[in-house]
Amino acid sequence: MLAECEELLKAVLPHLDGVLVEQVSPQGGVLRIVARTSESVAMPCPDCGTPSVRRHSGYQRRLADGAVGGRQVRIELTVRRLFCDASECTRVTFAEQVDGLTVRYGRRTPQLKGLLSAVAVALAGRAGERLAAKLPVSVSGTTLLSLAMGLPDPSAETPRVLGVDEFALRKGHHTYGTVLVDCETRAPVDLLPEREAASFAAWLAEHPGVEIICRDRGGCYADGGRTGAPDAVQVADLWHIWHNLAEAVKRLVSRHQACLRDPAPAPGTAPDVVRPPVSQAGRLAARVERNHTAVHDLLRQGMGIRAVSRQLGLAVNTVRRYARAATWEELATGRWQNLPSILDPHKPYLHQRWCEGHTVAVKLHERGFTGSYSAVRDYLQRFRRTPGDPPLPKPPGVRKVTGWITCRPDRVSEDDRQKLKEILDRCPELEAATGHVRSFAAMMAARRAERLPQWIANARTDESHGLRNFADGLVKDLDAVTLGLSTQWSSGCVEGRVTDIKFLKRQMAGRAGPPLLRRRVLSRTRSRRCLGDRVSRPRLAGLAPCCLCGSGHWPSSTLRTVRQVTLYLRCKARCDVPPRWSRRIAAYRSTFDCDSPCGPCGTVTLRRPSASPWVASKQTDIANSVRR
């Protein structure tokens, strides 16, 4: 029975295999384990490594361990202090350490320390403390942060393709740091506490081997890259290029903001009538309808005009008008409307002053009008707006018009397209700039870098738009922009890592300093690698040969690793080859070039069963590139 209990204890707590367990007893919410080390086991000296079993003294250590059965575990371990018998060693005595159970000055087992370190990396202080209480483990948020800061830097090779971008250390304080990302594995490499060319150049000098630098259009990273890695090529990110163009268009639209409003009405034109005056026909229409019905009823009974006039008390001519009208609306329409007024000669002046912003009826009445004040007041009342009236349509803003110009035309609604056309008709400079913007967008979409010099030349020679400064900026950074338009590398993965950094900052309520933020970012990357996340997929290098002809060499320099997929390659050469063969490779969103075509036909077809339409289209592109 005792042997079975020892086996069960070793299965539950395998790190106690190197000690002798004397007692296991639950005490409230704590599982107390009393153990000691073996007296016959020799322990090496930490300085010289000489084994020793000669005992000097002993003492008891209390270690916290991971919970078992919902109870906290406390190990009371008796260890020995031994003499070092080596004459050349300066150490006289030393305390023995049990592998996997104790460390110097440690009050937690390595297993519990690793668990709490993972919690600290994932949740930081306060949130990690709340989670640890549910494990249950008693630990404070400050201790968790200390564990996170005590983790070593994960070992990482110098990336071949390096992405660099800035991130805000504190919102609104204009303090920025720099994040460095391996664009092939999409994993963060390092965080720099400042956004300076000197610090970036120093990092590149300490980590030689970077071949490609993906960056934004900022000058500090360009200067730092040229200083720290002069042999590396720099690639300007397409999104940042387009963003710079959109900002230039926004500044241009701001200068022509007056063209966004509808043209002012001609002098003397009446303003829009908000509430038309009440027609007198509405008040007298009921009487007209009643008299018309009565006249026609009596006439159908055979009575004459004069008899109807005497019975209804109406004039004879009035009865005749009712008799001639087929419906009562003929008598009400047009009556009591558009009657002449003493205010008619003064209405153009009132319209002009109203459009100029003078809407006080008293001041307008004092300008020499001989009529009553109520006539001016009642006439201007139709133009006044109240909070209950629907608001007037506002002219489109600068950002909206900028979006219409920089957006794909087929994604703009018909109404917005018509508004943009009216604005461009009123502003030739915006119309010229729109043509250049859309030609640049077509060049970016087609990745036609050879068109860039001609576009720059046209933009610099055309004086009818305001994009010359943008074109001059492209000339200064021409090589990086050209590579951005002709290669597949970009800073998209860097922007994703910046989003992760923002999440970590919000998780710590914006109080994380650069050292703690750097430690959490890099440690999270290491934990992802341990879990086999997609950032850790190795690049394909070497051959993926055909079964017989041995073709199909895929250079690793063209791969971008995101996730593992299985690609089935079918050899169409006329050789006795199995129907298909496969090899698991890290390939996704990549363009491949085949160095050794298969067989006499030189065709390799890539297939993936049950692939999504997006992946299938990419595989078609791969096959086409192989055929070329």
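Modeller: First, a term: a helix here is a DSSP run of H or I with at least four residues, a strand is a run of E with at least two, and both are numbered from the N terminus. Also keep in mind that this is a predicted model.

Colleague: Fine. How many helices and strands does the chain have?

Modeller: The chain has 23 helices and 15 strands. Of its 628 residues, 39% count as buried.

Colleague: Pick a helix. What span should α21 have, and how far apart are its end C-alpha atoms?

Modeller: Helix α21 covers residues 492–507, which is 16 residues. At 1.5 Å a residue it should span 22 Å, and its end C-alpha atoms are 23 Å apart, which agrees.

Colleague: Which residues in α21 are buried?

Modeller: Cys493, Val494, Arg497, Val498, Ile501, Leu504 and Lys505. Seen down the axis of α21, these buried residues fall within an arc of 145 degrees, so they line one face of the helix.

Colleague: Why would residues that are three or four places apart point the same way?

Modeller: An α-helix has 3.6 residues a turn, so residues with that spacing point the same way.

Colleague: What comes just after α21?

Modeller: Ala509 does, and it takes a positive phi of about 60 degrees.

Colleague: Helix pairs next. At what angle do α18 and α19 pack?

Modeller: About 145 degrees, with their axes 8 Å apart. Helix α18 is residues 452–461 and helix α19 is residues 468–476. Their crossing is left-handed.

Colleague: Which residues of α18 and α19 meet?

Modeller: From α18 they include Leu452, Trp455 and Ile456, and from α19 they include Phe470, Ala471 and Leu474. Arg460 in α18 and Asp472 in α19 are also among the residues listed for this meeting.

Colleague: On to strands. How do β1 and β2 run, parallel or antiparallel?

Modeller: Strand β1 (residues 20–27) and strand β2 (residues 30–36) run antiparallel, joined by 7 bridges. Gln27 stands opposite Val30 in β2. The two strands form a hairpin with 2 residues between them, and Gly28 in the turn has a positive phi of about 70 degrees.

Colleague: And in what sense do β2 and β6 pair?

Modeller: In the parallel sense, over 7 bridges; β6 is residues 71–83. Arg36 stands opposite Thr78 in β6.

Colleague: How many bridges join β5 to β6?

Modeller: There are 11, and these strands run antiparallel, with β5 at residues 55–68. Arg62 stands opposite Glu76 in β6. The hairpin of β5 and β6 has 2 residues between the strands, and Gly69 takes a positive phi near 65 degrees there. Strand β6 also pairs with β7 (residues 93–95), in the antiparallel sense over 3 bridges. The bridge partner of Arg81 in β7 is Ala95.

Colleague: There is an open sheet too. What is the order of its strands?

Modeller: It has 5 strands in the order β10-β9-β8-β11-β12, with mixed pairing. Strands β10 (187–192) and β12 (233–236) stand at the edges with a single partner strand each, so one side of each is left without a neighbour in the sheet. The twist averages 30 degrees from one strand to the next.

Definitions and conventions
Residues numbered from 1 in each chain as written. Predicted model: local features only at pLDDT ≥ 70, side-chain atom pairs only at ≥ 80, totals over all residues. Heavy atoms only, no water. Pairing = 2+ DSSP bridges. Axes fitted to C-alpha atoms, helices over the stretch in contact; angles between N-to-C directions. Expected span 1.5 Å × (residues − 1). Buried < 20%, exposed > 50% of the residue type's maximum accessible area, 1.4 Å probe, protein only. Arc of directions from axis to C-beta. Left-handed = near helix turned anticlockwise from the far one by under 90°. Contact = heavy atoms within 4.5 Å.
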